[in-house]
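This briefing goes through the structure shown below, topic by topic. Please keep the sequence and the model in view while reading.

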Amino acid sequence: MTEEKKTYTFTTRSKVVSNKKMTFMEKIYFPAIIKGMLITFSHLFKKKTTIQYPEVKRNIAEIYRGKHVLKRDDEGRERCTACGLCALSCPAEAITMIAAERKADEMHLYREEKYAKVYEINMLRCIFCGLCEEACPKEAIFLTNEIVPSNYERENFIYGKDKLVEPMDKDKRIDISKRQTTAVLEFKKDKNQSHNN
Amino acid sequence: MEEKKNHIEAEHKIFGPEDFEKNYSTLNLGPTHPATHGIFQNILTMNGETIEGAEQTIGYIHRAFEKIAERRPFYQITPLTDRLNYCSSPINNIGWHMTVEKLLGVKTSKRIDYMRIIIMELARITDHLICNSVIGVDSGALTGFIYLFQEREKVYDIYEEICGARLTTNLGRIGGFERDFTPSVIKKINDFLNGLPKVLKQFENLLIRNRIFMDRTIDVGAISAERALNYGFTGPCLRATGVDYDVRVMNSYSSYNDFDFIVPVGTNGDTYDRFCVRQEEMWQSIKLVKNALENLPEGNYHMDVPEFYLPPKEDVYSKMEPLIWHFKIVMGEIEVPVGEVYHSVEGGNGELGFYLVSDGGRTPYRLHFRRPGFIYYQAYPEMIKGSVLSDAILTMSSMNIIAGELDA
Ligand code: SF4
Ligand code: SF4
């Protein structure tokens, strides 16, 4: 006695796609093996897709979310004002900072009167989500398309300001303009805005 | 003495007392077995090569995401969803964004919907590429896997161009996207769509009508439509049994009903059916992405969601009011409606649901992820009972259970 097979159809779009009946040619599986072999052999003559890594490097997208950078403004003052939004927005709780008040003789070092004395990102905790970059209201923190290098010691993955703040030297500054919208780039040309000078 | 008795009782629960008279052996399949592609443990009772019983263990990589989510503002939950089914994380991200939008009552524009369709279908292709090529590997055909993985890399390049990351994407924002598709993204998508059919066809030539593959997969790990429905199967695993349930059609979201596509079904829910259903779904996804890309309307890439979408940066840098909003959003001090919502999307391997209870605070009061893999795994012992060990491995990979999603 064969059981009646119940069918469930909810839509009019369904189509049975698997065919389990084998033809005679498929039963003698030799043709299939030869076909498979031919496909594999044809790949011998195709262009290689592997990249010879240390010598050749893949193009990484400009907006890649990699190692962080703390920006300086045009005059080389650190932009960060230690508002703490980046630490607050970090889902991995990777950012720690201690704020301090700017002294009179530090005007050339820090842009705002409050600054981050200690600013640490634990790269082992960080998940490179990019939320800190989005949260920063001072254009201070950005992710870059560099990858955090490996290391032997856990302590060395806690990046302090020595590793995060970009170099003072104008030529060595890190260009993040590709990550910003055109409206922001347009806005940055306006030197009357207090943000830009 | 007491302890020993308890121990024997516990063992009896797994194997049954009569099993001790027979000469069964116990085999630990997993948790770190290379063939299981993830952290799954199954305690198998073997009679020679045949599996007499199985008991699955869960929780090896449980990270308590649902609990963590109760302490996180809504926008910080997106990175958590990345880590559910990491083979198709953009679907999880977008599913979560749509859940919050549903709670807020935000209606997204056609452009955002179509952009989302493009990304979600690309993610579905990668998910199925991985699953199907791994079915090939587990049945002994490693070559196809290598050809297909090259295509997956291309999709990851597309993600990288859109959001900046490849695997854990954190793509999109509540209310739209963080940035628009650039011309290079469109070009990469088009290149991918032009290249994929050839590779996919070649892969099908290698496997789909090959007798060795068919013998290995037909009637392996079969489950009837009734049993599958009772367990709560969804996605390709349910469609393989012949039930044409697809969330995209039944409960359309993100303007999926603007497009016409076929819902492929199988016949008796075995591994070969699951393979064929996924294969056809990839063809349908290619069509969907093409259609969506052609009909992509002009417009903004995000909606006006003042509760969640950050104000434009140039305003934040220069004006007081946007700056205050920016602070409020990032700190999560915004007002959300009180209520419960359930939203589900057709994930890479089934219906991925988000059940969100909000008490109006900055974090969800309760959040539950309906993970399809968790449900498939319940049926696994039943599906492998009576088969041989190598078929059990094939069954597991064909269900596409992802450890990250199983344990959440
Ligand atoms: S980096 Fe930006 S967000 Fe973080 S403390 Fe500094 S100014 Fe605030
Ligand atoms: S990228 Fe994400 S995880 Fe890393 S420091 Fe920024 S917010 Fe935290």
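A residue is called buried if 20 or more other C-beta atoms lie within 10 Å of its own, exposed if 12 or fewer do, and partly exposed in between, with C-beta atoms placed from the backbone. This is a predicted model, in which local features need pLDDT of at least 70 and side-chain atom pairs count only at pLDDT 80 or more, while totals for chains, interfaces and linings use all residues. Residues are numbered from 1 along each chain as its sequence is written, and chains are lettered from A and ligands numbered from 1 in the order in which they are written.

**Chain B as a whole**

- The secondary structure of chain B consists of 17 helices and seven strands, where helices (H or I, at least four residues) and strands (E, at least two) are DSSP runs numbered from the N terminus.
- The C-alpha trace of chain B spans about 80 × 60 × 30 Å along its principal axes, and buried residues make up 50% of its 408 residues.
- Two residues are in contact if their C-beta atoms, placed from the backbone, lie within 7 Å; among contacts in chain B between residues at least 6 apart in sequence, 70% join residues at least 24 apart.

**A sheet and a helix in chain B**

- Strands of chain B in the order β5-β6-β7 form an open, antiparallel sheet of three strands, two strands being paired if DSSP finds at least two bridges between them.
- Because β5 (338-347) and β7 (366-370) of chain B stand at the edges with a single partner strand each, one side of each is left without a neighbour in the sheet.
- Strand β6 (residues 350-359) of chain B is joined to the antiparallel β7(B) by five bridges, and B:Phe354 has B:Phe369 as its bridge partner in β7(B).
- Helix α4 (residues 89-104) of chain B lies across β5 and β6 of chain B, at about 150 degrees to β5(B); axes are lines fitted to C-alpha atoms, for helices over the stretch in contact, and angles run from 0 to 180 degrees between N-to-C directions.

**Where the chains meet**

- Contacts link 50 residues of chain B with 46 residues of chain A.
- By class, the side of chain B that touches chain A has 26 nonpolar, 14 polar and 10 charged residues; Ala, Val, Leu, Ile, Met, Phe, Trp, Tyr, Cys and Pro count as nonpolar, Asp, Glu, Lys and Arg as charged, and the others, Gly among them, as polar.
- Strand β1 (residues 14-16) of chain A pairs with β4(B) in the parallel sense over three bridges, and A:Lys15 stands opposite B:Pro264 in β4(B).
- B:Val243, in the loop between α10 (235-239) and α11 (247-250) of chain B, counts as buried because it has 24 C-beta neighbours inside 10 Å.
- Leaving aside neighbours within four places in sequence, B:Val243 is in contact with A:Tyr8, B:Ala225, B:Leu229, B:Leu238 and B:Val265.

**Ligand surroundings in chain A**

- Around ligand 1 there are 13 residues, of which A:Cys80, A:Cys83, A:Cys86, A:Cys136 and A:Lys138 come nearest; a residue is near a molecule if its C-beta atom, placed from the backbone, lies within 6 Å of it.
- Ligand 2 is surrounded by 13 residues, the closest being A:Cys90, A:Ala92, A:Cys126, A:Cys129 and A:Cys132.
- The shell around ligand 1 has 10 nonpolar, two polar and one charged residues, while that around ligand 2 has 11 nonpolar, two polar and no charged residues.
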